[in-house]
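Keep the 3D view open as you read.

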Amino acid sequence: MERTMNGEETTRTQALMDAVRTRIANRALEPGDRLPSVRRFAETMNVSPSTVVEAYGRLEAEGIIRARRGSGFYVTGADLPPMALAGMGPSRERDVDPFWVSRQSLDADASVLKPGCGWLPADWMPTAALRKGLRALSRGDDTLLSDYGSTRGSLALRRLLLSRFADEGISATAEQIVLTASGTQAIDLICRLLLRPGDTVLVDDPCYFNFQALLRAHQVRITGVPFTPTGPDISAFEQALIAENPRLYITNSALHNPTGASLSPQTAHRVLSAAAAHGLTIVEDDIFTDFEPALSPRLAILDGLNRVIRIGSFSKTLSASVRCGYIAARPDWIERLVDLQVATSFGGPSPVAAELIANVLAGGSYRKHMEEVRQRLTRARKTAAARLAQMDIVPWIVPRGGFYLWCRLPEGHDSSVIARRCVEENVVLAPGNVFSISQSAASFVRFNIAQLLDERVFTVIENAMKKSQADD
C-alpha cells in the first residue's frame, strides 16, 4: 500500500512539474515571473501543499525556478524551452486547431481533395502570364537574379498599387507603401511594431484562423467580436473597446474570411468613430478586393490611412508560390516597419517575385483573368449551394463574390466530427470552430467553392454525416 501511495505522490509531483514547464513553454510564465503560492497552487491542482513543495523543490534543483526568501518562487529563464504555439490559447481538439488544419491542407498530396483550403486550384491561375513574365525576367539584368532587393521593395509594383489606391479614392505616396514577403509577414511586422506581450487585440468571431495563430506567437490576449452580415456587431465592438482597451483590431472588410460578408457603410462609419474615440488602430486585410464585382466600403478609404493600416497580397489572385505582400500606412509607421523588416529579414521580398507580379499586373491579361475568375466563381457558387442544399447544408449568406461559403450543417451535426471522418477519406474540411474565438461555430463549415467541383467530396461528406447520426 505504501508503494502505491508513494507512486501516486510521485505521479502528482511530476504532473505539477509538467504543468509549470508547460506554462513556461507557452509563455504564460516569463523569466522573472512569480509562481503561484504553494497554497494557491495546491488548491488549483487539487493536491496537498507538500506535493507542491516537492515539485517546486525539484524544479529549483533543475534551475528552472528560484526561491526568494519571504517572497516565493520565480522563473529563472535558464534553459527556457522553445515556444509551444499549439499549446497556447484555449484547449482544442486537434481537428479544430489552426495549425493542424493548415498542415493538412499544405502537406496534402495531389490525391487529396481540399474544399477546406484557402486558395484557388492551379488551373484557375494565370500560369501562362506568369511563365511569360519569368521569361522576360530571365533576360533582364543579372542583379535582379542575384542581389538583395531594396528596403521598400519594387518601385514598379508600389507605383501600380498607388494607381489602384487612387482609383479607390486613397491619396498616398510611394513612401507610404512597403512590400513584404507575404500578407502574413505584413501582419507580423505590424504586430512587432505596435504590440507588446499582454496587449489585447480584437478580431472578428469568426475570423481567419491564422490571425489567431500569429497573435498567439506575439503573446497577446485575443478578444472576439461577433460578426454579422454587415460587419462586426457594433454594440459588442463598442463594449469591447471600453472593457478590454485593445491596441489593434484586425479584420477583412470585404468578402470576409470565412463568412464572405462585406462591411456596410453604416457599420464602417461607426467602427471608425469608435476607433478614434478609443485610440484604436485597425489593420484591414484587403486580400480579396479583386474578387468583388464592385468596390464595397473600405475603412482605409474612409480613414485615409491615418488610423487604418491596409495590407494585402497577391497569393489568392496570381500565385501562392510567388509570394509578395504589402503594407500601406502613415509615413512615420512605414519608416519603422522598414527598419523592422531589415532587422528580421534583411530587406523586402524577393525582387524576382515583386518584379514578376508587377509585370503581370501591368500587362493587359490580369483584368481579363480576374473577370474570368469572377464569372467562374459565380457559376461555382450556384452549383455548390444547390448541391449542398440536397444535404440540408445551408449558406449563412450568399456572398457577392469570392470563393468561400460559410455554411451551417443540419441540426445535431458537429463540423469537427465530420471533418475528422472526412480526412480519413482524403477530404480536408475547415470546421467552424477553427475560426471561432468563442468556439461557438461547431455547426458551421467553410467551403472553398472552387475546390468543391469533384462529386467525390459530396459523397464523402454525406457518408460522414450518416455515420455521425448512426453513432448518436
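Buried here means under 20% relative accessible area, with exposed being over 50% and partly exposed in between (1.4 Å probe, protein chains only). Helices (H or I, at least four residues) and strands (E, at least two) are DSSP runs, numbered from the N terminus.

A quick word on what you're looking at: this is a predicted model, where local features need pLDDT of at least 70, side-chain atom pairs count only at pLDDT 80 or more, and totals for chains, interfaces and linings use all residues. Residues are numbered from 1 along each chain as its sequence is written, and side-chain values use heavy atoms, leaving out hydrogens and water.

Now for the neighbours of E9. Two strands pair if DSSP finds at least two bridges between them. E8 (residues 281-285) runs parallel to E9, joined by 4 bridges, and Ile282 has Val308 as its bridge partner. With E10 (residues 325-328), E9 pairs in the antiparallel sense, again over 4 bridges; there, Ile311 stands opposite Ile327.

Over to helix H8, residues 183-194. Its 12 residues reach 17 Å from first C-alpha to last, close to the expected 16 Å (1.5 Å times one less than the number of residues). H8 is mostly covered too, with 10 of its 12 residues buried, including Asp188, Leu189 and Cys191.
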